[in-house]
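Reader: Hi, can we go through the salt bridges in this one? Please keep it short.

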Amino acid sequence: MRSMTPSSAEREPLLRRLRRIGLILTGDQKLADGILSDAFVRARGAIRHADDIDEMDVFKLGFDAFEDALHRKGAVIVLHRAGRGDGSLGDRVSRLTYVERVAVSLLVVEKLSLRASAILSGRPISVLENALTDALPKLDGDFVQGEGRP
C-alpha cells in the first residue's frame, strides 16, 4: 500500500517518527519507547523471515502497538494525567482526547490523507475529521503553523 506512505517518510527516519507519534499518543516518551521496543522484540522473528516488509508495515506495527498498549487496563491513566499547566504545546496536547491525538498525529504530524489515516487507525473518516476539528482550537493553531486543515 504505497499510497499510505507518510509524506514525511522521505524526510525523517522511521524510528524518530514512531517515537514522536508514541509521545503524542501516550504523553510519555519512556512509555512510548518501551511499547515500541516490546513490539519490535515480539515481531522480530516474523520480520526477519519476511521478504516483502516495507516501511509502512513497520509504521503500522508501531502504531498498532500503541493502540494495543493504551487500551489495556491501567495504561489509559497516562492519557488523563494533568498537564504541567504552563500552556506549552506539550501541556495542550496532554489535554486532548485519545482520538484527537490520533487525528493530530496522523493527519497533521505525519500528513497522511484522511483515507490512509482511517485505514491505519481503523476509525471512520468522519470521526477523524471531527476529532481534528475539535483538537485544533485546543492547540491554538501553533501546532499546524498556519497551514490550515490537512
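Reader: Is Glu 55 buried, partly exposed or exposed?
Author: Glu 55 counts as partly exposed, at 31% relative accessibility. Buried means under 20% relative accessible area, exposed over 50%, and partly exposed in between, with a 1.4 Å probe and protein chains only.

Reader: What should I know about the model itself?
Author: This is a predicted model: local features need pLDDT of at least 70, side-chain atom pairs count only at pLDDT 80 or more, and totals for chains, interfaces and linings use all residues. Residues are numbered from 1 along each chain as its sequence is written, and side-chain values use heavy atoms, leaving out hydrogens and water.

Reader: Which side chain does Glu 55 meet in a salt bridge?
Author: Arg 17, at 2.9 Å, N to O. A salt bridge is a side-chain nitrogen of Lys or Arg within 4 Å of a carboxyl oxygen of Asp or Glu.

Reader: Buried or exposed, what is Arg 17?
Author: Arg 17 is buried, at 0% relative accessibility.

Reader: Which residues are in a network with it?
Author: Salt bridges link Arg 17, Arg 20, Glu 55 and Glu 110 in a network.

Reader: New topic. How many salt bridges are there in the whole structure?
Author: A search finds 9. Among them is Asp 64 with Lys 60, closest N and O atoms 3.0 Å apart. Both lie in helix H3, 4 residues apart, about one turn.

How values were computed. Helix = DSSP H or I, 4+ residues; strand = E, 2+ residues; numbered from the N terminus.
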